[in-house]
Amino acid sequence: MEYDTMMMDGESLGPSVKISAADSSHVDFELSNVDLSFANSLRRVIQAEVPTIAIDLVEISVNTSVLADEFIAHRLGLIPLDSREIDQLNYTRDCDCDQSCGKCTVLLTLHAKCSSEEVMKVYARDLIVGFDRPNNHIGNPVIIDPEGQGSLIAKLRKGQELKLNCIAKKGIAKEHAKWSPTSAVGFEYDPHNKLHHLDLWYEKDAAAEWPKSKYAEWEEPPAEGETFDYDAVPSRFYFEVESAGNIEPDTIIQEGIKELQRKLAGLIHGLGETDEMGGDYNGPRSPEGMDGGAPWQDQGYTTPYAGAGNASAWGGGGATQYGTTPYGNSGAAGW
């Protein structure tokens, strides 16, 4: 996957993306003509809400290694699995099956036993992926090392055995970090600190003790004696997205934008109160706006200084059950 530096949106009025570097595992780009809230929302979404697949349940039949069952299960959950075309896999909570099936889970098995005097290393490549899955690559362990072995799971000595079944499910990093599509996301703006959003602590010279990032060359430094602009806001944001290997970095960003669109669409739909918008807002409303303009409660008392109070659902009339008040007036006629 090769990219050239280009402008994905040539209009200066709308959001603009400029890719500075990219390969199969990371992408660096500049996002401009947007505000800070949008840029930060994109960062949070690509970190925590892009779905992937990861091992969620581990059934261990035999484990005579020195590692505890929970330790091995934890290591298995952190192995990145191929999550391309993840939309073909359902969430288990949305699937019609009783517990698990090929439409919502992927089965992986492992059986290793050491029979020699040398230490046996068990790698991710030793996991066998089941056939009942949406496509032929989803759920495969991601192996990118030159030896083609993948992540190390355990080490076995002679006579030790490890036999287990794994169930991989679709999820997001907001639920658990094992579903994270990224290993790191760099986010930076205002490299010269013109906006003073950072209070840099220093001993003698801030410029010497806080070296500028590489993006400082992309923007003009502040002029000597320049007046501080209290109305200035950031408009250029620099991203460095590194994939964990389960999804290509450009796909992570695209899926993050789609997730933002879904969230905004759901918000607009939920807030639509008129029939034209087709909303289904069921939250609090003003009393005049419910039941065709009818009040949400029946009329209670009018005022303590009026005559008899109005009838309400909590009493037949304005008269009290205590008769005359201590101040001499009947409870049936105000105070």
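This is a predicted model: local features need pLDDT of at least 70, side-chain atom pairs count only at pLDDT 80 or more; totals for chains, interfaces and linings use all residues.
Residues are numbered from 1 along each chain as its sequence is written, and side-chain values use heavy atoms, with hydrogens and water left out.

**Salt bridges**
- The whole structure has 13 salt bridges (a side-chain nitrogen of Lys or Arg within 4 Å of a carboxyl oxygen of Asp or Glu).
- Lys 214 and Asp 28 pair up at 3.7 Å, N to O. Lys 214 sits in the loop between helix H3 and strand E10, and Asp 28 in strand E2, so the pair ties together parts 186 residues apart in sequence.
- Asp 28 is buried at 8% relative accessibility, while Lys 214 is partly exposed at 48% (buried is under 20% relative accessible area, exposed over 50%, partly exposed in between, with a 1.4 Å probe and protein chains only).
- Asp 56 and Lys 178 also form a salt bridge, at 2.9 Å, N to O. Asp 56 belongs to strand E3 and Lys 178 to the loop between strands E8 and E9, 122 residues apart (strands are DSSP runs of E, at least two residues; helices are runs of H or I, at least four; both are numbered from the N terminus).

**A buried serine**
- Ser 32 lies in strand E2 and counts as buried, at 11% relative accessibility.
- Leaving aside neighbours within four places in sequence, Ser 32 is in contact (heavy atoms within 4.5 Å) with residues including Gly 14 and Arg 236.
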